[in-house]
Amino acid sequence: MIEKPVASVASLYRYPVKGLTPERLAGVALSPGQPLPSDRRYAIENGPSGFDPAAPQYFPKIKFLMLMRNERLAALRSHYDEASHTLTIHRDGAEIVRGDLETSEGRAAIEQYFAANFADELRGPPKILFAAGHSFSDVAKKVVSIINLASVKALENEIGQPVHPLRFRGNVYVTGWPAWHEFDLMDQVIAIGDARLKIVKRIVRCAATNVDPDTAARDLNIPATLMQTYGHADLGVYAEVIAGGSIAEGDAISVEAPQPL
């Protein structure tokens with residue numbers, strides 16, 4: 001038995017390079033135990049991290065360029081072409097660099113840009129990192145992040161000014177749930193399109209959410225506002241894909257009834 005759907009997918013996003021531009025997707029195929037394809041596939045190492053592409057492991061985001069400390073990243077507009085592995089970066093409407101991230105020459109072009117333009121924020125030479133099958137997520141598990149737009153709206157009402165949902169850099173944005181309903185779904189399974197995902201963890205927000213994704217201004221204090229208002233700094237949940245399948249914008253989202261013992 002499945003409950004009547006009351007929610008749907010408002011939008012889908014991936015983040016090919018950690019800290020850079022979100023890319024909207026009309027639809028995507030999910031695989032069990034995996035994030036969205038190419039989500040956080042690359043990261044920009046901020047000084048030597050010890051990452052070994054032959055044996056990739058989780059590293060905390062402080063090892064990379066990221067919005068929590070490097071808000072100027074939000075002023076860049078990047079696009080990743082999956083077929084050619086090419087990353088193109090624009091600033092103020094003009095292309096400033098491009099490179100094939102699967103070649104040493106292409107990675108060097110991107111690295112040289114960041115070395116020259118983020119020198120004051122670097123602890124060592126920047127380096128494009130990647131490894132087959134690895135995702136540079138903020139958590140060790142391979143997950144999909146889900147953001148309830150009603151929760152963002154509730155926070156917006158508390159702050160008294162607009163809060164861009166992309167501050168939270170989610171993969172799946174949901175419309176139709178009541179505010180904070182996602183926290184009631186812990187350890188439950190949701191159905192989206194052909195896929196099934198298990199909600200496994202609340203997302204504790206960091207200072208990256210203080211950065212406006214359009215202006216790159218650090219203009220809010222979202223973790224503090226959450227803590228002062230709700231007694232926690234959480235917004236959104238992580239989910240593990242337990243059954244693969246295609247999902248798309250507009251797909252209904254339902255909560256599967258527990259299986260009888």
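A residue counts as buried when its relative accessible area is under 20%, as exposed when that area is over 50%, and as partly exposed in between. In the predicted model described here, Arg40 has a relative accessibility of 13% and therefore counts as buried. Arg40 lies in the loop that runs between strand 3 (27–30) and strand 4 (43–46), and its phi is near 55°, which is a positive value in a residue other than glycine. A second residue with a positive phi, again of about 55° and again not a glycine, is Asp92, which is found in the loop between strand 6 (86–91) and strand 7 (94–100). With a relative accessible area of 71%, however, Asp92 is exposed, whereas Arg40 is buried.

Helix 2 was examined next, from its start to its end. At the start of helix 2, a side-chain oxygen of Asn148 reaches to within 3.0 Å of the backbone nitrogen of Ala150. Leu149, which is placed in helix 2, has a relative accessibility of 26% and so counts as partly exposed. When the neighbours within four places in sequence are left aside, Leu149 is in contact with Ala10, Pro165, Tyr173, Val174 and Thr175. Leu149 and Leu235 are separated by 86 residues in sequence, while their C-alpha atoms are 10 Å apart in space. The buried residues of helix 2 are Ser151, Val152, Ala154, Leu155 and Glu156, and what covers them includes strand 9 (144–148), helix 3 and strand 13 (234–243). Helix 2 is followed by Gly160, whose phi is positive and near 85°.

The packing of helix 2 against helix 3 can be described by the relation of their axes. The axes of helix 2 (residues 149–159) and helix 3 (residues 222–230) come within 11 Å and cross at roughly 90°. Angles of 65 to 115 degrees count as roughly perpendicular, and helix 2 and helix 3 are therefore roughly perpendicular to each other. On the side of helix 2 the contact is made by Ala154, Leu155, Glu158 and Ile159, and on the side of helix 3 by Ile222, Thr225, Leu226, Thr229 and Tyr230. Sorted by class, this contact of helix 2 with helix 3 has 6 nonpolar, 2 polar and 1 charged residues. Two of the residues that helix 2 brings to this contact, Ala154 and Leu155, are also listed among the buried residues of helix 2.

Aromatic rings were considered last. A pair of aromatic rings is described by the distance of the centres and the angle of the planes. The structure holds 10 aromatic pairs, and one of them is formed by Phe51 and Phe59, which lie 6.1 Å apart from centre to centre with 65° between the planes, an edge-to-face arrangement. Phe51 counts as buried because its relative accessibility is 10%, and Phe59, with a relative accessible area of 17%, is likewise buried. In the pair of Tyr113 and Phe114, the ring centres are 5.2 Å apart and the planes stand at 80°, so this pair is edge-to-face. Tyr113 counts as buried at 12% relative accessibility, and Phe114 counts as buried at 0%. Ring pairs also link Phe51, Phe59, Phe64 and Phe136 into a cluster.

Key:
Residues numbered from 1 in each chain as written. Predicted model: local features only at pLDDT ≥ 70, side-chain atom pairs only at ≥ 80, totals over all residues. Heavy atoms only, no water. Axes fitted to C-alpha atoms, helices over the stretch in contact; angles between N-to-C directions. Helix = DSSP H or I, 4+ residues; strand = E, 2+ residues; numbered from the N terminus. Parallel < 35°, antiparallel > 145°, perpendicular 65-115°, else oblique. Contact = heavy atoms within 4.5 Å. Nonpolar A, V, L, I, M, F, W, Y, C, P; charged D, E, K, R; others polar. Buried < 20%, exposed > 50% of the residue type's maximum accessible area, 1.4 Å probe, protein only. Polar contact = N/O pair within 3.5 Å; in protein donor to acceptor, adjacent residues only side chain to side chain. Phe/Tyr/Trp six-rings, centres within 6.5 Å; stacked < 30°, edge-to-face > 60°.
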